[in-house]
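Hi there,

Here is the structure I promised to pass on. Have a look at it first, and then read my notes below.

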Amino acid sequence: MSNTAFKVAVLGGGISGAVCASTLARNGISVTLFESARGPGGRMSQRREKAEDGKELHFDHGAPFFSVSNPEVVRLVQEWESRGLVAEWKEKFGFFDFQTLKFDSIEQEGLSKRFVGVPGMNSICKALCSESGVESKFGVGIGRVEWLNDEKLWSLIGVDGQNLGQFKGLVASDKNIVSTRIAEVTGRVPPLDLKLLPELSEKLHNLPVRPCFAVMLAFAEPLSTIPVKGFSIKNSKLLSWAYCDSSKPGRSTTSERWVLHSTAEYAENIIAQTGLKKPSDVILNKVAEELFQEFRSTGANISQPFFKKAHRWGSAFPATSIAQEEKCLWDRNKRLAICGDFCVSPNVEGAIDSGLAAALRLRDSCL
């Protein structure tokens, strides 16, 4: 059955929004996806940088990999694998303890597979956002979302005041659409007024998040004294995770590239000093140097990188799950679904699961 007259807007091109848009389109529903960034991905974005010599470098500076266990999500990932969009990251992983200054392997039989997008983490979202039936508009920020009660339609206004269209259904997969935290970053109120959603507003008000700084490093030679390609970190106030991004399948190996993730506590401390506005280059350079020096403190023979840069994920990880059973928030009367990792679990699988649930709610509402 074709539902092309039932137009749905999906706000946010991260994995949850991309999965939702793709699933709706496959069910014959007309979908327009809006993403304020230049391309899709969210925390599954790939960062493109240039070294001083002009050499192009790519980093997965958000989610390093993902694992899946939910049967529906497993089936979806198997399809992506068959399309060449994902591959298993078959490397050795472990942890480093700053108290003992030792690496230990935590590899065990039966551990979940670690999947990555190929050739970058954003490859999955890029493919989903370009599928038949999905019209994707990148670099388009949403300024205001209005409910037209007489017409029973959602109206979208861009940050530039442009009318972006009217839609029978709406999916908000970006928590900044409803989060009051966005006002501290941009100075603007959230596009979607929670007063329109009295039954959902309590769950959505002030969604707690954990920030993170990522530092991207490129080395001319391999860091051969590190016995693993990814490791979590214990007993450090600065670092939580480090991984060799260039060891993933489908990546360039002309240089060895590592990504470091800070602890939430470290990031919160920096934000408490500097605020939520975009950090200055001075702050980012300070963060990059501090986290790199902590990385060197592992005792491994780590050379000076030829590239070093920090990025702030201001609301990297949700600190709570607000719809674990329902998997998304749903207003049947207004045909509004809210999905994302903050609904199910704070990881890629949770975001995918929530996007699938939102698509099924919209699909069933138009039958």
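**What turned up**

In this predicted model, the largest nonpolar core has 61 residues, and those touching the most other members are I15, L24, F66, W80, V171 and I352. Such a core is a set of buried Ala, Val, Leu, Ile, Met, Phe, Trp, Tyr and Cys residues joined through side-chain atoms within 4.5 Å; buried means under 20% relative accessible area, with a 1.4 Å probe and protein chains only. Helix α8 (residues 348-365) gives this core its largest share, eight residues. Helices here are DSSP runs of H or I with at least four residues, and strands are E runs of at least two, numbered from the N terminus.

L24 touches V8, V10, I29, V31, A359, L362 and R363, leaving out residues up to four places away in sequence. Contact means heavy atoms within 4.5 Å.

Then there is G13, in the loop between β1 (3-11) and α1 (15-26). G13 counts as buried because its relative accessibility is 0%. Beyond four places in sequence, its contacts are L33, F34, E35, P40, G41, G42 and C125. The C-alpha atoms of G13 and G42 lie 6.6 Å apart, although 29 residues separate the two in sequence.

A word on the numbers: residues are counted from 1 along each chain as its sequence is written, and side-chain values use heavy atoms, without hydrogens or water. As the model is predicted, local features need pLDDT of at least 70 and side-chain atom pairs count only at pLDDT 80 or more, while totals for chains, interfaces and linings use all residues.

Best wishes

Notes:
Buried means under 20% relative accessible area, exposed over 50%, partly exposed in between (1.4 Å probe, protein chains only).
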